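The following exercises are to be worked through with the sequence and the structure in view. Each task is followed by a solution in steps.

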Amino acid sequence: MKENPLKRLLKRCSWNIPQWMKKKPLKRLDRYIIVKFLGTYFFAIALIISIAVVFDINENIDRFINNRAPLKAIIFDYYLNFIPYYTNLFSPLFVFIAVIFFTSKLAENSEIIAMFSTGMSFKRLMYPYMISAACIALVTYVLSTEVIPTGSVTRLRFENIYKKKKSDTYARNIQLEVDSGVIAYMERYENYNKTGYRFSLDKFENHQLVSHMTARRITYDTTTVHKWTVKDYMIREMKGMKETITRGDRMDSIINMEPQDFLITRGQQETMTSPQLHSYIQKQKQRGFANIKIFEVEYHRRIATSFAAFILTVIGVSLSSQKRKGGMGLHLGIGIALSFSYILFQTISSTFAINGNVPASIAVWIPNFLYLFIAIYLYRKAPK
């Protein structure tokens, strides 16, 4: 009787499965490492963010009092959104500190030596660490793509009203494609009265100009989407050799653009979820709007920062898994230096993308690629 092909395939594949995976996936030791790792991670977050909140209160208490900020707004609108924002921003630092501190303590107490004496390999030791890193990466990604952008809207509004009392209220030399073959231009736009000055709208067909409208002012109607009121306008329509000129004092028109399409405010990219960011970037690229580098950097940075949890975990375990005479002080010093250098490289590479010609999708991943090589080197060297 012929053997079932599915059983034969499973039997053949089972030879390639490591022995530790055939047994219970998570042992007591794995759960111990995961709980200690995540516990140390969240303890480091609570400690450092508490200090950051105290320093921020000390620095801004005078502004809050002078601007008469309500206590409810300070707590719920500002600090309730301040904490997750800076927690996520310095997540690589917290991951590194947690790994270095916890693993150094294991090595100092000879617990890692006891693990290796049972036949456990360094690769097997990394298993619970990678599970913990995956949990942190998932939480970081969800926070940065969905939770924090929603809270940043409230936080930035509070800062503009009670903390800094200023916001970007105008834009200059705006040019974008509002429809296929239709180019809009404004010399200046004032957001406080939703009015643009020296406006022009050109329509092209087969690469030839067929209509040219100029207006002294154009005002956005906030009650209707894409509705603009054009004032003191002149329209020139070209049909072959014939030209028709129309003038008027006021005209309501539907133009496929909104103030948020060209009025980029401080921190606007932080208030968008990742799907909104992606949609906004594609829309602005189609319109030929050039000033979107900061949005592209933010979109790719969220993914790169989440992935960094795996790289920094490997580096941290490789550095601190060996028992040294100096104790954990040396490990902590190296870990903090590496984590701060990672954040520094991330900032520098983002600046190259915004102010230079480096694509954002490459620039934000440069620190990850650099530290990935360091992680591979240390990982290979650690068992020896």
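## Exercise 1: A pocket and its lining

In this predicted model, the second largest pocket has a volume of about 490 Å³.

**Task.** Determine which residues lie nearest the centre of the second largest pocket, and which helix gives the most to its lining.

**Solution.** 
- Step 1. The lining of the second largest pocket consists of 19 residues. Those nearest the centre are Y85, L89, E270, E298 and R301.
- Step 2. At least two lining residues come from each of the helices α4, α7, α10 and α11.
- Step 3. The greatest share of the lining belongs to α11, which gives 6 residues.

## Exercise 2: The largest nonpolar core

**Task.** State which residues of the largest nonpolar core touch the most other members, and identify the elements that give two or more residues to this core.

**Solution.** 
- Step 1. The largest nonpolar core has 53 residues, and L125, Y129, F158 and I315 touch the most other members.
- Step 2. Two or more residues are given to this core by each of α3 (28–66), α4 (71–89), α5 (91–108), α6 (111–117), α7 (122–163), α10 (293–320), α11 (328–355) and α13 (366–381).
- Step 3. With 11 residues, α5 gives the most to this core.
- Step 4. Another core of 22 residues lies apart from the largest one. Among its residues are I174, V182, L201 and F262.
- Step 5. When its neighbours within four places in sequence are left aside, F158 is in contact with F64, A69, A73, I74, D77, Y78 and K163.

## Exercise 3: The setting of S91

**Task.** Decide whether S91 is buried or exposed, and list its contacts beyond four places in sequence.

**Solution.** 
- Step 1. S91 belongs to helix α5.
- Step 2. The relative accessible area of S91 is 5%. Buried means under 20%, so S91 is buried.
- Step 3. Leaving aside neighbours within four places in sequence, S91 is in contact with Y41, I136 and T140.

Definitions and conventions:
Residues are numbered from 1 along each chain as its sequence is written. This is a predicted model: local features need pLDDT of at least 70, side-chain atom pairs count only at pLDDT 80 or more; totals for chains, interfaces and linings use all residues. Side-chain values use heavy atoms; hydrogens and water are left out. A nonpolar core is a set of buried Ala, Val, Leu, Ile, Met, Phe, Trp, Tyr and Cys residues joined through side-chain atoms within 4.5 Å. Buried means under 20% relative accessible area, exposed over 50%, partly exposed in between (1.4 Å probe, protein chains only). Helices (H or I, at least four residues) and strands (E, at least two) are DSSP runs, numbered from the N terminus. Contact means heavy atoms within 4.5 Å. On a 1 Å grid over the protein atoms alone, a cavity is a set of points where a 1.4 Å probe fits but cannot get out, and a pocket is an open set with protein on both sides within 12 Å along at least five of seven lines; lining residues have an atom within 4 Å of a point. Grid points are joined across faces, edges and corners, and a volume is the space filled by probe spheres set on the points.
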